Each structure stands twice: as structure tokens, then as C-alpha cells.
Amino acid sequence: MTRGDVFVISAPSGSGKTTICREVLSRVPGLTLSRSYTTRPKMPGEVDGVDYYFVDEVKFDNMVKSKDFLEFAFVYGKRYGTSRASVEAIVSRGEDAVLEIDVQGGGSVKQAMPDAVRIGILPPDWETLRNRLYARARDSHEEMERRLAAARAEIPELAKYDYLVVNDDLETAVRKVEWIVRARRLRSQRMIACIERILQGTGEGPNGSSNG
Ligand code: 5GP
């Protein structure tokens, strides 16, 4: 079985990353979200095990000590981590994993898995980012200003990513991320099984050896 790929998707808060990811996940079969662990409190409407696994500091610490995380980071003062086992379960069954994580996590994943594909989502401009963040009104004024300050530092980091998608129009941005995922699946490395199947029809193996 060909192993799936890992797609890291990062963006400053308010760029529409979650909406884009949700839409792409619903359109592309065989693409699965890796659910993160976090110590931040659950927001109204969020469900444990669906949006995140909400855990306390002790549980998070134990997971760090047990090397359960592929990467983990402090984001806006809380801890977030990607479970190594959950990513492995996805890719080993031939599906692609989506990791919706911040730029620090994106850097760690690239080190651990150089083949991971990193996609950055950008707002069209600073004003739009600010307006979107405030329109969402999910957090306090201080928290939103903190997220804007973080965005100022995160955006240059996204230049290191493999692909950048500007979320000007949502549908266009969703399609662009979908193209990246689908194009990745056409890499020759992922198409070896197809070559082998065709060659089996000739009665010869891939290197011209007889299949018997
Ligand atoms: P939020 O609290 O708004 O859901 O997420 C805050 C930030 O943490 C977002 O940028 C999100 O992508 C990031 N994040 C979520 N899960 C993880 C994770 O497992 N690792 C890292 N490094 N960042 C994460």
C-alpha cells in the first residue's frame, strides 16, 4: 500500500483557514484531518474529539514525555500538539493527512518529515485580516490584538512554505488548495502501483524481468 502524504496548512488567525480546510476535506476523498491536542479551553459549540482533544496540562506533559507528539508548540499562550500516532494511522492506510497547525509546528513537521507539503493561506491584505478577525468577535479585544501581532510575525514565515494561496475569494482559494492536494497525488512516486499494474498486463515485471 502506498503511504499517503502529509499536508500542513498554516495561516494567520482570521485568514479563513478553518473554513478552507473544512471545505477541501469535504470535497477530496481520502483526505483526513489530524485532530490536535490542546490545553486551551473549549469554546462554545466546540466538541471534544471533533474540533480538538481538550486536555489538561498534566495530560499534555505526559504526552510530551512519552514522545507522543510529532510536533507541539505554544500558540497564544496555550499548548497545541499533533499526535504522531494519529498522523501515522492516516498515512499508513494510504490516506492523506491534513495538519491545521501554526508556523512553528509547520517548521517542526518539515524537519521530521521532509516530504510534507506545506501550504500557507494568506489574507488579501492587512485591513481584511483585521476586519475578519474583528467580525468573528470570538475573542476579547486584547486577544484579537495579540493574534494580529502574532500574524505580523507569522506572515514572513509563510514564505518558506511550498505553496501560498491568497484567500480573496473563498471558492477560488478552496479550489487552489484542492488542486495542490490532487496534483500531489499524481507524482510518479505515488503512481508506481499504476505502472506495475500496466506492466503486469504485458507479462513482464517493471524492469523487463519476466513475471513467470
Ligand atoms: P485556535 O485556538 O484558534 O483553534 O488555534 C490557534 C492556532 O493554533 C491556529 O493557528 C492553529 O492552526 C494552531 N494549532 C492548532 N492545532 C495545532 C497543533 O497541533 N500544533 C500547532 N503547532 N499549532 C496548532
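Helices (H or I, at least four residues) and strands (E, at least two) are DSSP runs, numbered from the N terminus. The model shown is predicted, so local features need pLDDT of at least 70 and side-chain atom pairs count only at pLDDT 80 or more, while totals for chains, interfaces and linings use all residues. Residues are numbered from 1 along each chain as its sequence is written, and side-chain values use heavy atoms, with hydrogens and water left out.

**View 1. The shell of residues around the ligand.**

View 2. An N or O atom in the side chain of lysine 17 is 2.4 Å from an oxygen atom of the ligand. For arginine 40, a polar side-chain atom lies 2.6 Å from a ligand oxygen atom. The side chain of threonine 82 has an N or O atom 3.3 Å from an oxygen atom of the ligand. Each pair is a polar contact, that is, a pair of N or O atoms within 3.5 Å.

**View 3. The largest pocket.** A pocket is an open set of points on a 1 Å grid over the protein atoms alone, where a 1.4 Å probe fits, with protein on both sides within 12 Å along at least five of seven lines; lining residues have an atom within 4 Å of a point. The lining of the largest pocket comprises 36 residues, with Lys17, Thr18, Arg40, Tyr52 and Glu100 nearest its centre. Helix H1 (17-27) gives the largest share of this lining, 6 residues. The lining divides into 13 nonpolar, 10 polar and 13 charged residues.

**View 4. The second largest pocket.** This pocket is lined by 13 residues, of which Arg3, Gly4, Asp5, Asp115 and Gln189 lie nearest its centre. Its lining has 5 nonpolar, 3 polar and 5 charged residues.

Conventions. Polar contact = N/O pair within 3.5 Å; in protein donor to acceptor, adjacent residues only side chain to side chain. Nonpolar A, V, L, I, M, F, W, Y, C, P; charged D, E, K, R; others polar.
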